[in-house]
Amino acid sequence: MKVAKFGGSSLASAEQVQKVVDIIQADPQRRFVVVSAPGKRHADDTKVTDLLLATCEGLAASKDVRPLLTEIYARYAAIAAPFQVAPELLAEIQSALQQFLTLSPNDDPHFHDKILASGEDNNARLIAGILQASGLAARYLNPEELGILVTDEPQNARILPASYTKINAWAETEEILVIPGFFGYTEDGEICTFSRGGSDISGALVAAGVNATLYENFTDVDGIFSAHPGYVHHPEPIKELTYREMRELSYAGFTVLHDEALMPSYRAKIPVVIKNTNNPTHPGTMITNQRNNLTQPVVGVASDEGFCMIYIRKYLMNREVGFTLRVLEIFKEFDLNYEHMPSGIDDISIIMRANQLNPVLEEELLRKIAYEIDPDELRMTHDLSMVVVVGEGMRQRVGITADSTAALARKNINLEMINQGSSEVSIMFGIHKEQEKAAVRTLYYTFFD
């Protein structure tokens, strides 16, 4: 039994949907299909999710959103046109969209969730109808009926453990069940969406719940590559990698999968394969709990921008009991998260996402640290990128860090921070963002050329 999740690019048009129908028809083991909302048909197009976001904003500003609803409906109608779906299905989708006109953002904490979730929900209804019209025994299944229970955290829901038992009750189905991704239901019956990449989370959750033999994640690329193709010309494809490697790469900028989406499959020890809807015979990239081939120590080089760093130096810092705790309590007071915290005997660097700060908040934070900690030196560095070298095989190979720093030195790339965990799965370098592309290139050619 397989769970197949199809992303927005795979469902953006009737032509793409026909490919999805062919993929499902080709393998009777694909009995659970998780779908995203229709994505872009071309580079200048707009995703249905973005149209729904505009609808939320329009309703919140008391604007007329009927033209937006007409545009959204037209997307579904265009996809359905070549297939002989039941007319009642399109009428049902149109009616569901019109219901948004009755919603108010002022007294409903789930206002955004209800609107945004409709992109996937309406698409799941439509894909189920198209599969039926193509002669397949398929039907739409709502996440509430399936048993996806989530916490009551609008736009940031988390799975409740009871979901897995409820989903498992559907494991023996003979039908093809088409399930909308991206959202679940609270115990009070309210719609709550996951964070970004939520459809990937839904697919992994369903795979774990039904104990699938394989979770197939269909997108628009032939798997995962060792570096960003925009930075490196024809980077090597990755045939196999572990969950830990994939999480490190996703966190550091690889956008094929949300970095939290794999957790349900990881815990259930279900392999995941990234495949291309436009080239379904390609083997893609397999993600497993453990891989045996560790001859290549590094599987990928990733990068992400948008970081800043607070540097704190204080003589005899290591002698002050609770020093780090006091700093983190200040971060908690300002409701801030940190990403990394490398330290020395007398200094500590705190790396955080820059989008958490604005100039006023930054000034207040630094003033509070200066007052509470009384450091010898306190400074903020902006416009940082994190470049990460990832690979489970680095444990068995001496000199990876030396090779990496030597490669960066050859390109005159200054290091603001270096961090390597005891697991030795990744080495992270903090650099100024204008040097990010050069850093990725030199590290890639150090380990892959």
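**Sites and helix packing in a predicted model**

Me: Where is E120 found?
Reply: E120 is in helix α5. Helices (H or I, at least four residues) and strands (E, at least two) are DSSP runs, numbered from the N terminus.

Me: What should I know about the model and the numbering?
Reply: It is a predicted model, in which local features need pLDDT of at least 70 and side-chain atom pairs count only at pLDDT 80 or more, while totals for chains, interfaces and linings use all residues. Residues are numbered from 1 along each chain as its sequence is written, and side-chain values use heavy atoms, with hydrogens and water left out.

Me: Is E120 buried or exposed?
Reply: E120 counts as buried, at 5% relative accessibility. Buried means under 20% relative accessible area, exposed means over 50%, and partly exposed lies in between (1.4 Å probe, protein chains only).

Me: What does E120 touch?
Reply: Leaving out residues up to four places away in sequence, E120 touches V35, S36, A37, T49, P180, G181, F182 and S199. Contact means heavy atoms within 4.5 Å.

Me: Which UniProt feature is placed at E120?
Reply: UniProt places "binding site" at T49 and E120, in an unreviewed entry. They are spread over 72 residues of sequence, but the largest C-alpha distance is 8.6 Å. UniProt positions use the numbering here, feature names are shortened, and annotations may be inferred rather than shown by experiment.

Me: And T49, where does it sit and what does it touch?
Reply: T49 is in helix α2. T49 counts as partly exposed at 25% relative accessibility. Its contacts, not counting residues up to four places away in sequence, are A37, L116 and E120.

Me: How do α2 and α5 pack?
Reply: Helix α2 (residues 48-60) and helix α5 (residues 111-133) pack at about 155 degrees, with axes 9 Å apart. That makes α2 roughly antiparallel to α5. Axes are lines fitted to C-alpha atoms, for helices over the stretch in contact, and angles run from 0 to 180 degrees between N-to-C directions. Under 35 degrees counts as roughly parallel, over 145 as roughly antiparallel, 65 to 115 as roughly perpendicular, and the rest as oblique.

Me: Which residues meet there?
Reply: From α2, V48, T49, L52, L53, C56 and L59. They meet F111, H112, I115, L116, S118, G119 and E120 in α5. The contact divides into eight nonpolar, four polar and one charged. Ala, Val, Leu, Ile, Met, Phe, Trp, Tyr, Cys and Pro count as nonpolar, Asp, Glu, Lys and Arg as charged, and the others, Gly among them, as polar.

Me: Where is the place of G8?
Reply: G8 is in the loop between β1 (2-6) and α1 (14-26). G8 counts as buried at 18% relative accessibility.

Me: And D220?
Reply: D220 is in the loop between β7 (214-219) and β8 (224-225). D220 counts as partly exposed, at 43% relative accessibility. Beyond its neighbours within four places in sequence, D220 contacts S9, N276 and N278.

Me: What about the phi of S62?
Reply: S62 has a positive phi of about 60 degrees, although it is not a glycine. S62 lies in the loop between α2 and α3 (66-80). S62 counts as exposed at 70% relative accessibility.
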